[in-house]
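Please keep the sequence and the structure in view while reading.

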Amino acid sequence: MEAEAEEDDQVLPDLPNADEYDQIRMRLAPNPNGPWHLGSARMPAVIGTYKKIYDGWMCCRFDDTDPETKRPDLDAYDEIIDAIGYLGFEPDEVLKASDRVETYYDHARELIEQGGAYTCSCPAEHFRGLKADAEPCDHRDKDVETVREEFEAMVDGEYSDGEMVLRVKTDIEHKNPALRDFVAFRMVDTPHPREEAADYRAWPMLDFQSGIDDHLTGVTHIIRGIDLQDSAKRQRFVYDYFGWEYPEVVHWGHVQIDAYDVAMSTSTIKAKVDSGELTGWDDPRAPTLASVKRRGIRGHAIVDAMVDLGVSTSNVDLAMSSIYANNRDLVDDDTDRRFLVRDGVASDATDRERLPAGAAEAFDLASDVPDAGHPPLHPNHEDRGDRDVPASEAVLLESEDVPADGERIWLKGLGCLRREGDGLAWVGTDIDLVREEGVPVVHWVGAGDDEHVRVRLRTMDGDVVGYAEPGYADYDADDLVQFERVGFARFDAAPGTDAAEADPGEYLAFYAHP
RNA sequence: GCUCCGGUGGUGUAGUCCGGCCAAUCAUAUUGCCCUCUCACGGCAAUGACCAGGGUUCAAAUCCCUGCCGGAGCACCA
């Protein structure tokens, strides 16, 4: 091992004032309202990489304080932890904001005593108008005693949705309207889906909850999206009341990923999964981590791509091709080669440009043709041995590879043959025919029923069916192969093990990339 | 409307703070060639960018101004 390779190319810029802290402490703050899409990977990829660079600390804090609009999905908590693991990281600690509501209450009480917050019963619309005009509402000057009582009433659930909020007193005339007296707590009638938190009705807003938690957990660096740019400014008001120092902040822009027709948003994907438009979160057409994982793309390939994006505040387009390039880099050397003769599409595939389906055609073999071919498992590693590709009577070729009558063709691992009508005559194994005479080299499988296995290759554009060499049956789920001249694919299931997703007798594979 | 933040090749990125070594780095992409019993891997080459206009300066991608374009916030969402 070259040891240095991963230490490494110092891809990310230094964190601000990093040397002023004994330990760099950061947090991932996902909302567990659904499984992660590809964009979500940026957070653990970048923060996790910084953790490695600085030997820092990283926790995963689920900001699940909205039981209604962004209602937590109980499965998502574990799914997100799994996704972080898939990307190659592990949080040092896992917290759920919904376990910490009492803590937020305590800090609200303290803020109230300092005169830093007030209960407000203005209808949202009304307050919005006042805020736009930089006008305070009547509730702003309430005495602490009243605020205290009304807040306790909120905590006790004596108000309903929309009847009362607790606002942080900032600067109602601040030139930036986004910073004027923001809401710290509001009432939510809908119980939280987590049993442990189901009794709370007064819930903190992100700016309050997140601000308190960042301080309490000793976070030194907050790294998050530009949508939260003003959040830091709002939270500083709370920090000032408490005499706390605000962490360093880094903001990045939004990521878009090409190659997908489905918008990268949890709610959009969820709607399409629910309606059946997508078969699930791991449908290859879904821009999710579950999807690329099932296709055999390593988490590290995504991390590298995300880290390469850096942390600029401008929006960026991430090309899937760069994730593919990273993945090829990771897997090519270890991946066995196999043949797959495609035989058309099996579903309502649309854009065939990305992966032509072909069609299999059978040709009889002359009697003097060897009854098996032995191409290497990996061209760069002869020591790994050869494959055994049998063909006793006839072979299957992809339609695009079929030579004109009288022309020669080289069946990889077998030798050169000449087409004579519906048959192939033996020419020989002089490799100069390929090197000097340009005979095309193609992949193939035996035509006999026991000389191939049926494979369904699931791609972003639909299913392609075909015939793979018999050795393909020896793999297990998660194994990767490269179907020569087709691309990399992940072995998903053998026949019978996942009958719902493939026809009887078919192996199910997922296409990764060329 | 108000307030913030950005704009380097198809994509991402380096350089911008501390102007000159930038006729602009690296990766990816595309194309061509070489290697090869794969259209993979590897090697070589080509393509291709400082949003626009002013200003400061001997010198500007870098500093200043204006404009244009893009994004974000102004939620009882996160």
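**The surface near the RNA**

The surface near RNA strand B has 20 nonpolar, 15 polar and 20 charged residues. In this count, Ala, Val, Leu, Ile, Met, Phe, Trp, Tyr, Cys and Pro are nonpolar, Asp, Glu, Lys and Arg are charged, and the others, Gly among them, are polar. A residue is near a molecule or strand if one of its heavy atoms lies within 4 Å of it.

This is a predicted model, in which local features need pLDDT of at least 70, side-chain atom pairs count only at pLDDT 80 or more, and totals for chains, interfaces and linings use all residues. Residues are numbered from 1 along each chain as its sequence is written, chains are lettered from A and ligands numbered from 1 in the order in which they are written, and side-chain values use heavy atoms, with hydrogens and water left out.

**Contacts with RNA strand B**

- RNA strand B is surrounded by 55 residues, and the closest are K70, R186, R328, R337 and R485.
- Of the atoms of RNA strand B that come within 4 Å of the protein, 71% belong to sugar and phosphate.
- Polar contacts (pairs of N or O atoms within 3.5 Å) include one from K70, where a polar side-chain atom lies 2.4 Å from a base oxygen of RNA strand B.
- R186 places a polar side-chain atom 2.6 Å from a phosphate oxygen of RNA strand B.
- For D230, a polar side-chain atom lies 2.9 Å from a sugar or linking oxygen of RNA strand B.
- Elements that each supply at least two residues of this surface include α4 (124-132), β6 (183-187), α7 (229-242) and α11 (320-331); helices (H or I, at least four residues) and strands (E, at least two) are DSSP runs, numbered from the N terminus.

**Domains of chain A**

- The domain assignment, which is automatic or from a database, gives domain 1 (4-96 + 209-252), domain 2 (101-204), domain 3 (257-331) and domain 4 (336-514).
- The centres of domain 2 and domain 4, taken over C-alpha atoms, are 66 Å apart.

**The sheet of 3 strands**

- The strands of this open sheet follow the order β1-β2-β3 with parallel pairing, where two strands pair if DSSP finds at least two bridges between them.
- Its edge strands, β1 (25-28) and β3 (93-96), each pair on one side only.
- β1 and β2 (residues 57-62) are joined by 4 bridges in the parallel sense, and L28 stands opposite C60 in β2.
- Helix α1 (residues 42-54) lies across β1 and β2, at about 160 degrees to β1; axes are lines fitted to C-alpha atoms, for helices over the stretch in contact, and angles run from 0 to 180 degrees between N-to-C directions.
- Helix α6 (residues 206-216) also lies across β1 and β2, at about 150 degrees to β2; contact means heavy atoms within 4.5 Å.

**The sheet of 7 strands**

- This open sheet has the order β12-β25-β26-β27-β23-β24-β13 and mixed pairing.
- β12 (336-338) and β13 (340-345) are the edge strands, each pairing on one side only.
- From one strand to the next, the twist averages 40 degrees.
- β12 and β25 (residues 480-483) run parallel and are joined by 3 bridges, with D336 opposite V481 in β25.
- α11 lies across β25, β26 (487-493) and β27 (506-513), at about 115 degrees to β27.

Terms used. A polar contact is a pair of N or O atoms within 3.5 Å; within protein, one must be able to donate a hydrogen and the other to accept it, and residues adjacent in sequence count only if both atoms are side-chain atoms.
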